[in-house]
Amino acid sequence: NSSSMKEFILLSLSENQGVQKIYFVVFLFFYTLTVAGNLIVLTVTSSRHLNSPMYFFLCHLSFVDICYSSVTAPQMISGFLVENNTISFAGCIGQLFGVHFFGCTEIFILTAMAYDRCVAICRPLHYPALMSRRLCGRMVGVSWAGGFLHSTLQTLPIALLPFCGPNRVAHYFCDVHPLLHLACADTRAEGLAAVANSGVISLSCFLILLTSYVVILVSLRGQTLAGWHKALSTCGSHITVVILFFGPTTFVYIRPSSDLSRDRSVAVFYTLITPMLNPLIYTLQNGEVKAAMRKLCRR
């Protein structure tokens, strides 16, 4: 009976108290940067001057990033200061839902942005017709709906499992594999479903993204050096983010997990580091955004 489990204890990234205090400062700093950076991007990209599809996607990406890191980071950061970092059963299921909802939405938005870039670079003359406001709205709508569907399919089976034994989650947030380890039932089917669900989404979107970069590079064959430089400078930074985000997620979800402690340190990349880097990478290389930011600061 799942109601017998009132709360779970989340593990910290380190058992050492001194290290925990250092982590507290470092991750609090990361989280503050994430929220501040993404709030600035949100403010800037929602301004009326920047109305190309790219900024529309960026605006949603920043909102997702704030929500995504807020699902895991505050709980983890406060956990560095207490002996037992507890979370209620409902809170745990809610956190599991949130991580997968925002994480999956982010994957779909990054994929939509790749398509947008591809069209912009490969079909510049048809770009305004191909990337209409309506299509962009639909792409973002599908991203959110897809994230919601994925997350529901991921969370429901776990919420229905019986938890009666140990309640120490071998992770700093509630995720599929660590919870399956604690259930008092045979969870092989749920484990396979989770791998199929999360692993296939992250791997296939990763491949779509890589394909989009190949298409862009092929389309640049006859370009001048300046054209190459411009395309590569935007794509280079995006590839960095994509690898930092998709590498770890694919690693954690594509295989049935055996080593949870390794998953725990790898998860820091996609729950905290990437949401922090996104605003830096997508805006520092963009003249329009920088100009809009300067305007904002002058105000």
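Guide: Cysteine 92 and cysteine 174 form a disulfide, with their sulfur atoms 2.0 Å apart; a disulfide here is a pair of cysteine sulfur atoms within 2.5 Å. This pair links distant parts of the chain, 82 residues apart: cysteine 92 belongs to helix H3, and cysteine 174 to the loop between strand S3 (168–169) and H6. Helices (H or I, at least four residues) and strands (E, at least two) are DSSP runs, numbered from the N terminus. The link of cysteine 92 and cysteine 174 is left-handed, with -115° about the S-S bond. Cysteine 92 is buried at a relative accessible area of 0%, and cysteine 174 is buried with a value of 0%. For these terms, buried means under 20% relative accessible area, exposed over 50%, and partly exposed in between (1.4 Å probe, protein chains only).

A word on the ground rules: this is a predicted model, in which local features need pLDDT of at least 70, side-chain atom pairs count only at pLDDT 80 or more, and totals for chains, interfaces and linings use all residues. Residues are numbered from 1 along each chain as its sequence is written, and side-chain values use heavy atoms, leaving out hydrogens and water.

The count of disulfides comes to two. In the other one, cysteine 164 is joined to cysteine 184, S to S 2.0 Å. Cysteine 164 lies in the loop between H5 and S3 and cysteine 184 in the loop between H6 and H7, so this pair ties together parts that are 20 residues apart in sequence. Cysteine 164 is exposed, at 53% relative accessible area, while cysteine 184 counts as partly exposed at 33%. With the bonded cysteines numbered in sequence order, the pairing reads 1-3, 2-4.

Cysteine 59, by contrast, is in no disulfide: the nearest cysteine sulfur belongs to cysteine 67 and is 12 Å away. Cysteine 59 counts as buried at 16% relative accessibility. Cysteine 122 is in no disulfide either, and the nearest cysteine sulfur, that of cysteine 118, is 4.5 Å away. Cysteine 122 is partly exposed, at 27%.

Now for the helical surroundings. The 27 residues of helix H5 (residues 133–159) should span 39 Å at 1.5 Å a residue, and the end C-alpha atoms are 38 Å apart, which agrees; the expected span is 1.5 Å times one less than the number of residues. Buried residues of H5 include Cys136, Met139, Val140, Trp144 and His150. Their cover includes helix H2 (53–79), helix H3 (89–122), helix H6 (176–182) and helix H7 (188–219).

Leaving aside neighbours within four places in sequence, phenylalanine 57 is in contact with residues including Ile109, Met113, Cys136, Met139 and Val140, where contact means heavy atoms within 4.5 Å. Phe57 is also one of the residues that touch the most other members of the largest nonpolar core, which has 64 residues. Such a core is a set of buried Ala, Val, Leu, Ile, Met, Phe, Trp, Tyr and Cys residues joined through side-chain atoms within 4.5 Å. The largest share of this core, twelve residues, comes from H3. Another core lies apart from it, with 19 residues, among them Ile87, Ile158, Phe163 and Leu179.

Finally, the unreviewed UniProt entry places "transmembrane region" at stretches including 93–115 and 135–153; UniProt positions are in the numbering used here, feature names are shortened, and annotations may be inferred rather than shown by experiment. Over residues 93–115 the chain is 100% helix and 0% strand, with end C-alpha atoms 33 Å apart.
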